[in-house]
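Take a moment to look over the model before reading on. Then follow the text through it, one part at a time.

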Amino acid sequence: MSNNRKKMTLTLASVLAASLALSACGSSNGNASGGSASPSASGGGSPAKGESVELNWYTIGTPQKDVDKVMQEVSKYTKDKIGVTVKMTMIDWGDYNQKMQVLTASGTPMDIMFTASWAFDYVQNARKGAFKPIDDLLKKEGAGIVSTLDPAFLEGSKVDGHNYGIPAYKELPSQEVWRFNKQILDADKLDISNIRSLESLEPLLKAVKEKNPDVMPFQVDKNYGPYVPYDYLIEKFPLAVKLDDNSYKVVNVLETPEMKQALQTMHKYYTAGYIPTEAATTESSSDAMVTGKWFVDKATTQPFADNLWSTSAGYPIVSTPLSDALIYNWSVMGSMQAISANSKHPEKAMEFLNLLNTDPVLRNMVDSGIEGTHYKKIDDTHMENLPESKNYDMPTFSLGNVMLTYLNPGDPENKWDEFKKYNAAGKPAVLLGFNFDMSKVSNEIAAINNAKEAYWAPLMTGTVDPDKYLPKAIDKLKAAGLDKVMAEAQAQLDAWKAANNK
Amino acid sequence: MKALGRFAKDINRNKALLLMVLPATLWFIFFAYLPMIGTVISFKEYRVSQDGFLASIIHSKWVGFDNFKFLFSTEDAFVITRNTLLYNAVFIVVGLVLAVGLAIVLSEIANKRLAKWYQTGMFLPYFLSWVIVGYFVYSFLSFDRGMVNKIAAAFGADPVQWYSDPKYWPLIIIVVFLWKSIGYNSVVYLAAIMGIDKSLYEAAMIDGANKWQQIRNITLPMLMPLMTILTLLAIGRIFYADFGLFYQVPRDSGTLYSVTNVIDTYVYRGLKTTGEIGMSTAAGLYQSFVGFVLVITSNYVVRRFNKDNALF
């Protein structure tokens, strides 16, 4: 991992530069000769009868053993239906961002690729020219998507007025919850009905600390950030706009009274021993999840999330909301498939994506593998994994419309209806539709990120005293050029506001 | 014409040797010289073009030295340059002394089986990835489960929050680096010691030289060319920090940045959100350029003292 990072920052780009320059020459030669050899056989890019085009599909997730096997089956199905075969390349979670940046920068032939707000950044790469604009394709080959998908998804994922990717149909708003370990809740006879703010947790944390000395009352890791009613311009970057602010004023979130209060509370909890001592350097809370020695933590919810969490943890988990369900840019762009700018068959790629998002047979094959090998159906809507599914265990949310997938045993029949209800109830957050273009201030962003990282996790986890470190952090960010970025963001936001009559 | 004939004759005469260097030459052409073309990216705002990599480079906008600005724009520039240079200088000096010292000790151990055992033991950490080493260190320094704090508690001392107190880290970084790398370097010197003509030592013994005198007057002078070359090469990389050492081992702890932020980690942290290839290429070019200047200068200095020890 360290190797990858190092390569990414420094050498890989230039090393690959040469090898890919060579392969790029090679492939363009290949095309030229291929084109001249059969000039009439394939006119206008659409293959003649019986022929098919192969689509290269890059997606996120731990590479699975049976991917090629399943894709052969998928290809058989899609070849009959729309004349395409599919080759899928999976890239592991931690590597996806960096590998895809190099692959696109170097012009590797790709047709379809996964992108999101949190992996291989959708907005930035759309602006860098990595994806094909799909406005026209959506009208023709993608008509099925337009009629199936909640329009808020396509509207919310526009970059500078164009669509570059197809969001997966899943939960649309994002809502933060406090999750509780029900075993401890029951044992200590605690009540969570009045819990909402960070401060309201205090009596519970105190009780748990006293009665269960071996349990961590408040499980926090370095990714934690207290909930504040602000919409961030860039994830985990201190610029934000207050949720109910109709004047759209960009502020440094560290300078807001809400954040200051939250950090003071966090520090109080930290000094009281409610928070793990090394929270600021702990990568994830998965250890605590396994041992069950925790009482409360913060998570993002979706309908029936408690079932999901309880099943994966192996003990009951309950939750109660701490924020409203709002539609943010990043919740709309949580999982998307885009068509590569250098794709030779964009129409075919869109036809495939259209089928993937509308055809339950294809969608479930891609998701769960081959029926009878990887899974079996138990009734019309439910399925059960077979032992072989360990060789084809795919992240469902990353592969298109989840509302088409079969339900797991124990899932309620109305699961997807509840999702639709949840989506309909979500309200847009203040910055929905605005995407900050940071290319003009990338030097400042690089410097600010360094200044920010030094203080962010220690402050957010309550490890350090905000009265002392918050002013220091604000000074450092200013020295790194935050004011310039803020002015640029405000200018862009004002222009957006004017253009959209907000 | 005559020169050309002589050249062909030269090639013919040395064809066996030339054939032997061919793979390395090709390697350098493909992986060192051709990629140098890519350094133009550091002067461009790189944007992907549909027609492949070369087209992308050509069509991207020239931005002059803009991509280099983030390396020098803040007070961090001083911190990362100081950290990178000082750590590497310490690594070079202490690493050299320890590696040569250990090589000499190993060569003097009479029990050859035992010597092999020590050598393997010291060599082993070299093959571990920094992620693994990071967890080793964590098992010592963890606040509530770490070995160091447990031992300290047994003696009644207060536990230390190792990962949030910068004052310990220069030492920890140096110790961990030496632990991991020293075995490899000492094997290189050990091989050189093994190659020293034994009759030199026999002659010295006949003249009544003791062990110390033998080491000072035979071993060290014989090792000098190798020490100079390896040190010169290390100086060429003095602007490159070991990313894993400075990122994984301190567990990316923000409070430690004042003593653990180096050029490579700064570039990584700064660019992981924007992913500007032009800026990361610029950082790489800057590092190689400074390294190049330093190698040329130090080689020049070495040549003034001893022509044979210089690289070129």
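The end C-alpha atoms of residues 81–298 of chain B are 19 Å apart, and this span is 74% helix and 0% strand. In an unreviewed UniProt entry, residues 81–298 of chain B carry the annotation "domain: ABC transmembrane type-1". UniProt positions follow the numbering used here, feature names are shortened, and annotations may be inferred rather than shown by experiment.

This is a predicted model: local features need pLDDT of at least 70, side-chain atom pairs count only at pLDDT 80 or more, and totals for chains, interfaces and linings use all residues. Residues are numbered from 1 along each chain as its sequence is written, while chains are lettered from A and ligands numbered from 1 in the order in which they are written.

The unreviewed UniProt entry also marks a "transmembrane region" at residues 16–34, 85–110, 122–141, 168–196, 217–240 and 284–302 of chain B. Take two of these spans. Residues 16–34 of chain B are 95% helix and 0% strand, with end C-alpha atoms 26 Å apart. Residues 284–302 of chain B are 100% helix and 0% strand, and their end C-alpha atoms lie 27 Å apart.

Now look at α2(B). α2(B) bends by about 40° at B:L22. The bend is the angle between axes fitted to the seven residues ending at a residue and the seven starting there. A proline, B:P23, follows within four residues.

Is α2(B) well covered or hardly covered? It is hardly covered: the count of buried residues among its 19 is zero. A residue is buried if 20 or more other C-beta atoms, placed from the backbone, lie within 10 Å of its own, exposed if 12 or fewer, and partly exposed in between. Compare α14(B). Nine of its nine residues are buried, so α14(B) is largely enclosed by the rest of the structure. Among them are B:D264, B:Y266 and B:R269.

α14(B) also matters for the next topic, the meeting of the chains. Here, 58 residues of chain B are in contact with 49 residues of chain A. Two residues are in contact if their C-beta atoms, placed from the backbone, lie within 7 Å. Elements giving two or more residues to this side of chain B include α2, α7 and α15. The largest share, seven residues, comes from α14(B).

Chain B itself is divided into domain 1 (1–62) and domain 2 (65–309). Such bounds come from an automatic or database domain assignment. The C-alpha centres of these two domains of chain B lie 32 Å apart. Eight residues of domain 1 of chain B are in contact with six residues of domain 2 of chain B.

Finally, turn to chain A. A:G61 sits in the loop between β1 (53–60) and α2 (67–82) of chain A. Why does A:G61 count as partly exposed? Because A:G61 has 17 C-beta neighbours inside 10 Å. Leaving aside neighbours within four places in sequence, A:G61 is in contact with A:M90, A:W93, A:M394, A:P395 and A:S398.
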